[in-house]
Amino acid sequence: MEAECYQKIGAIQERLGDLEKAIEFLNRFLELCEEAQDKTKAGEAHKQLAEAYSKNNNVHAAIKHLEDLLNIANEEKNKPA
């Protein structure tokens, strides 16, 4: 539940245009998902972080998160991801 709250706050911050805050909250979301070993949610976190970093013109960080998402999708055999 805590992780989902961070996810939602990050999404709100992104919509408001505060990408630095969005990234901060989304990174916390990712940390909690990894602690819980929830790969599906961690994949969502990587996807949202990639989008936020891309909007913030940090292409290298966006690519890193997309690669992490791809790795999770392959491990979980999750084609939609």
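## Crossing of α1 and α3

Two packed helices are described by the angle between their axes and the distance between the axes. Here the axes of α1 (residues 2–15) and α3 (residues 39–55) come within 11 Å, at a crossing angle of roughly 20 degrees. That makes the two helices roughly parallel (an angle under 35 degrees). Axes are lines fitted to C-alpha atoms over the stretch in contact, with angles from 0 to 180 degrees between N-to-C directions. Helices are DSSP runs (H or I) of at least four residues, numbered from the N terminus.

## Residues in contact

Contact means heavy atoms within 4.5 Å. Helix α1 contributes Glu 4, Gln 7, Ala 11 and Glu 14, while α3 contributes Lys 41, Glu 44, Gln 48, Glu 51, Ala 52 and Lys 55. By class, 6 of these residues are charged, 2 polar and 2 nonpolar (Asp, Glu, Lys and Arg count as charged; Ala, Val, Leu, Ile, Met, Phe, Trp, Tyr, Cys and Pro as nonpolar; the others, Gly among them, as polar).

## Salt bridges

The structure has 7 salt bridges (a side-chain nitrogen of Lys or Arg within 4 Å of a carboxyl oxygen of Asp or Glu). One joins Glu 4 and Lys 41, at 3.9 Å from N to O. Glu 4 lies in α1 and Lys 41 in α3, 37 residues apart.

## Confidence

The chain averages a pLDDT of 95 (the predictor's confidence in each residue, from 0 to 100). Of the residues, 95% score at least 70.

Residues are numbered from 1 along each chain as its sequence is written, and side-chain values use heavy atoms, without hydrogens and water. In this predicted model, local features need pLDDT of at least 70 and side-chain atom pairs count only at 80 or more, while totals for chains, interfaces and linings use all residues.

Note on methods:
Angles under 35 degrees count as roughly parallel, over 145 as roughly antiparallel, 65 to 115 as roughly perpendicular and the rest as oblique.
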